[in-house]
Amino acid sequence: MATDTKELVDFVYREASLLDDERFDEWLALFAEDGRYWVPLEGARQEQGQKRNSIADEDRMLLSLRIERLRAGLAHSQQPRSAMQHVLQQPVVLGQAEGRASLRTPFIYAESRGDEVITLHGHYIHELVRVPDGLRIALKRVNLVIASSRLPMIQLFP
């Protein structure tokens, strides 16, 4: 991919910032046409391509439907609305080849709704692809530390 590390790292930070600011349409635009948002049920232990249950496994169409429900106020569970905050460690570039780059980013995620706050920990794997107008997310994998444990209700996008 021959992309400098700063551009890749800035992309990951920008993506989290768009979510925290509820700029969901801009966030969705960061995904490649065949992009995928995946939260495996077994966290980092679950290999990609395994036929297993997931906490979330959404393509652009499913992500856009979820965003539309949030925007239109059709999600009953969002009364009152949730807010989120991502705290990221420095992303690390795992590799680059043939128009693709892979990054690993440890995170803490907080989501609040009313008086309830949930906190999740884990790391992201971003698989980024270069398209004519910039970088896009081919895969955002969210590996939660407690993925296979009893989880609280997650409303937004860890």
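Reader: Which residues have the most contacts inside the largest nonpolar core?

Author: Trp27, Tyr37 and Phe157 do, in a core of 33 residues. Keep in mind that this is a predicted model.

Reader: And which elements each supply at least two residues of this core?

Author: The list is H1, H2, strand E1 (31-40), H3, E3, E5, E6 and E7. H1 gives the largest share, with seven residues. As background, nonpolar side chains in soluble globular proteins tend to be buried together.

Reader: What does Phe157 touch, skipping residues up to four places away in sequence?

Author: Quite a list: Leu19, Phe24, Trp27, Tyr37, Leu63, Arg66, Ile67, Leu70, Met84, His86, Tyr109 and Glu111.

Reader: OK, back to H1. Which of its residues are buried?

Author: In H1, the buried ones are Leu8, Val9, Phe11, Val12, Glu15, Ala16, Leu18, Leu19 and Asp20.

Reader: What do the buried residues of H1 pack against?

Author: They pack against H2, E3, strand E4 (92-97), strand E5 (100-113), strand E6 (116-131) and E7.

Reader: How far apart are the end C-alpha atoms of H1, and what should its residues span?

Author: The end C-alpha atoms are 23 Å apart. With 16 residues at 1.5 Å a residue, H1 should span 22 Å, so the two values agree.

Reader: What caps the N-terminal end of H1?

Author: Asp4 does that, with a side-chain oxygen 3.2 Å from the backbone nitrogen of Lys6. Just after H1, Glu22 takes a positive phi of about 55°.

Reader: Switching to charges. How many salt bridges does the structure hold?

Author: Nine. One of them joins the side chains of Lys6 and Asp10, at 2.6 Å from N to O. Both residues lie in helix H1 (residues 5-20), four residues apart, about one turn of the helix.

Reader: Is Lys6 buried or exposed? And what about Asp10?

Author: Lys6 is exposed, with a relative accessible area of 57%. Asp10 counts as partly exposed, at 34% relative accessibility.

Reader: Which residue forms a salt bridge with Lys140?

Author: That's Glu15, and the closest N and O atoms are 2.8 Å apart. Glu15 lies in helix H1 and Lys140 in strand E7 (residues 134-144), so the pair ties together parts that are 125 residues apart in sequence.

Reader: Are Glu15 and Lys140 buried or exposed?

Author: Glu15 is buried, and Lys140 is buried too.

Reader: What about Arg71, which residue does it form a salt bridge with?

Author: Asp25, with the closest N and O atoms 2.4 Å apart. Since Arg71 is in helix H3 (residues 60-72) and Asp25 in helix H2 (residues 24-29), the pair ties together parts that are 46 residues apart in sequence. Arg71 counts as partly exposed at 44% relative accessibility, and Asp25 is partly exposed with a relative accessible area of 49%. Salt bridges that share partners join Asp25, Glu68 and Arg71 into one network.

Reader: Now the strands. In which sense do E5 and E6 pair, and over how many bridges?

Author: E5 and E6 pair in the antiparallel sense over 14 bridges. In E6, for instance, His126 is the bridge partner of Leu103. E5 and E6 form a hairpin with two residues between them, and Gly114 in the turn has a positive phi of about 60°.

Reader: How many bridges are there between E6 and E7?

Author: Ten, and the pairing there is in the antiparallel sense. The partner of Gly122 in E7 is Leu144. A hairpin through two residues joins E6 to E7.

Reader: Last topic, E3. Is Ser82 buried or exposed?

Author: Ser82 counts as buried, at 4% relative accessibility. Its place is in strand E3 (residues 82-88). Leaving aside neighbours within four places in sequence, Ser82 is in contact with Glu22, Glu111, Ser112, Arg113, Gln155 and Leu156.

Reader: And Leu88, buried or exposed?

Author: Leu88 counts as buried at 18% relative accessibility, and is also found in strand E3.

Reader: Which residues is Leu88 in contact with, leaving aside neighbours within four places in sequence?

Author: Val12, Tyr13, Ala16, Thr105, Pro106, Phe107 and Tyr124. For Leu88 and Thr105, the C-alpha atoms are 6.7 Å apart in space, while the two residues are 17 residues apart in sequence.

Conventions
Residues are numbered from 1 along each chain as its sequence is written. This is a predicted model: local features need pLDDT of at least 70, side-chain atom pairs count only at pLDDT 80 or more; totals for chains, interfaces and linings use all residues. Side-chain values use heavy atoms; hydrogens and water are left out. Buried means under 20% relative accessible area, exposed over 50%, partly exposed in between (1.4 Å probe, protein chains only). Contact means heavy atoms within 4.5 Å. A salt bridge is a side-chain nitrogen of Lys or Arg within 4 Å of a carboxyl oxygen of Asp or Glu. The expected span of a helix is 1.5 Å times one less than its number of residues. A polar contact is a pair of N or O atoms within 3.5 Å; within protein, one must be able to donate a hydrogen and the other to accept it, and residues adjacent in sequence count only if both atoms are side-chain atoms. A nonpolar core is a set of buried Ala, Val, Leu, Ile, Met, Phe, Trp, Tyr and Cys residues joined through side-chain atoms within 4.5 Å. Two strands pair if DSSP finds at least two bridges between them.
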